[in-house]
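Hi,

Here is the structure I promised to pass on.

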Amino acid sequence: MDSWNITARLDELRTQGLWRELRPLDEANGVIVRSGNREWVNFSSNDYLGLASAPQISAALAEGVAKNGGGSGASRLVCGTHRAHLDLEEALADFKSTEAALTFSSGFAVALGTIPALVGPGDTIILDKLCHACLVDAARLSGATIRVFPHNHLEKLERLLRTAKGRVLVVTESIFSMDGDAAPLREIVELKSNHGAWLLVDEAHAVGVLGPQGRGLAAELGVDQQIELHMGTLSKAFGLSGGYLAASREVIDLLINRARSFIYTTAPPPHLAHAALAALNVLRGEQGDALRKTLHRNAQALKTALHGLDVSAAILPLILGTEAAAMAASQALNASGFLVPCIRYPTVARGSARLRFTVSAAHDMTQIDALKQALTEYRAASFAAPADEPH
């Protein structure tokens, strides 16, 4: 074991302020979470519409288990494809206005299966610098040439498109997971079209939150029909787990035959697909519209305490710089009854450690006002601290 330097590597993480550990919860009831005898209001979950604990989703899960049991029994290509999977995929394709869709066990699995199945050696992948780790890892796995443009830097993207070789795939998120800002999708769509490239847009943090019926930022901007690959997740606004890729029928057929993270894994339990279809019906209906209205009201209310933010959805970062400053702020809010873990390198760049607040439609204004007060008090105490203490 010593030859692997495990102890030294762990000590280095502690020294650099990058040590992480699991944070088990004994109970989660909406935005209220408990562990032992402690209780917090959760401002770190991606359950944007509060569906994870919604009665109709719990009922759909129970109904799905009663109908199909607890597991799928095999991979999708063996005997693990149940009618619930196909019903969900047909509904997702209709929702995203594509010919077909395919579901995966996670959003990470979507990226790892899709990108290497479509591009490889001799091709080029052009990524926004702030793309999620799953997109970066998938690009590396593909063997294609990887080019990276500075975050939302359209001029650099155009220069990279001019010199790209082979099949060219541009990859971006619509709403970025750590900063909460939006990609300039209209301009990116125009650039990739001018150069004959394809575009993959990960709408993980936009589906259910933005656009007509919650269909995402691309639909809100009216460019969804000009995007070849629509990636999304079932683990955020849907309140469940899993991921999907919506595209042409031919692309989906290729993924069924070539996406390794789809082929070589047990299919997601059919009761999850059954419940995801119920969640999709909520997203698309009047209840979804009402939840989005509440979510955006809550996000706007919290923005007032985080000056200078230009974000489009429910992710509100407070960049503090050093790991020590972010950890101190997180611990202070924890002591005040709020769960807001700090985000540090390598999730974000060095020097940009932060608190990442996420707002839900399940929060009420009393909870948001209390968080704003706790932030005000922490800032006052921080500025009053001696110079050698973290700010």
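Leaving aside its neighbours within four places in sequence, which residues is Ala204 in contact with? They are Met231, Thr233 and Lys236, where contact means heavy atoms within 4.5 Å.

Before the rest, some housekeeping. This is a predicted model, in which local features need pLDDT of at least 70 and side-chain atom pairs count only at pLDDT 80 or more, while totals for chains, interfaces and linings use all residues. Residues are numbered from 1 along each chain as its sequence is written, and side-chain values use heavy atoms, with hydrogens and water left out.

Back to Ala204: you'll find it in the loop between strand 8 (198-202) and helix 9 (217-221). Helices (H or I, at least four residues) and strands (E, at least two) are DSSP runs, numbered from the N terminus. Ala204 counts as buried because its relative accessibility is 11%; buried is under 20% relative accessible area, exposed over 50%, and partly exposed in between, with a 1.4 Å probe and protein chains only. From Ala204 to Leu22 it is 182 residues in sequence and 23 Å in space, C-alpha to C-alpha.

Next, a helix pair. The axes of helix 2 (residues 55-68) and helix 12 (residues 270-284) come within 8 Å and cross at roughly 145 degrees. Those axes are lines fitted to C-alpha atoms over the stretch in contact, and angles run from 0 to 180 degrees between N-to-C directions. Among the residues making the contact are Ile57, Leu61 and Val65 of helix 2, and Leu272, Ala275 and Val282 of helix 12.

There is also an open sheet of four strands, in the order 1-2-3-12, with mixed pairing. Strand 1 (27-29) and strand 12 (338-339) are at the edges with a single partner strand each, so one side of each has no neighbour in the sheet. Strands pair here if DSSP finds at least two bridges between them. Strand 1 and strand 2 (residues 32-35) do this in the antiparallel sense, over three bridges, with Ala28 opposite Val33 in strand 2.

Cheers
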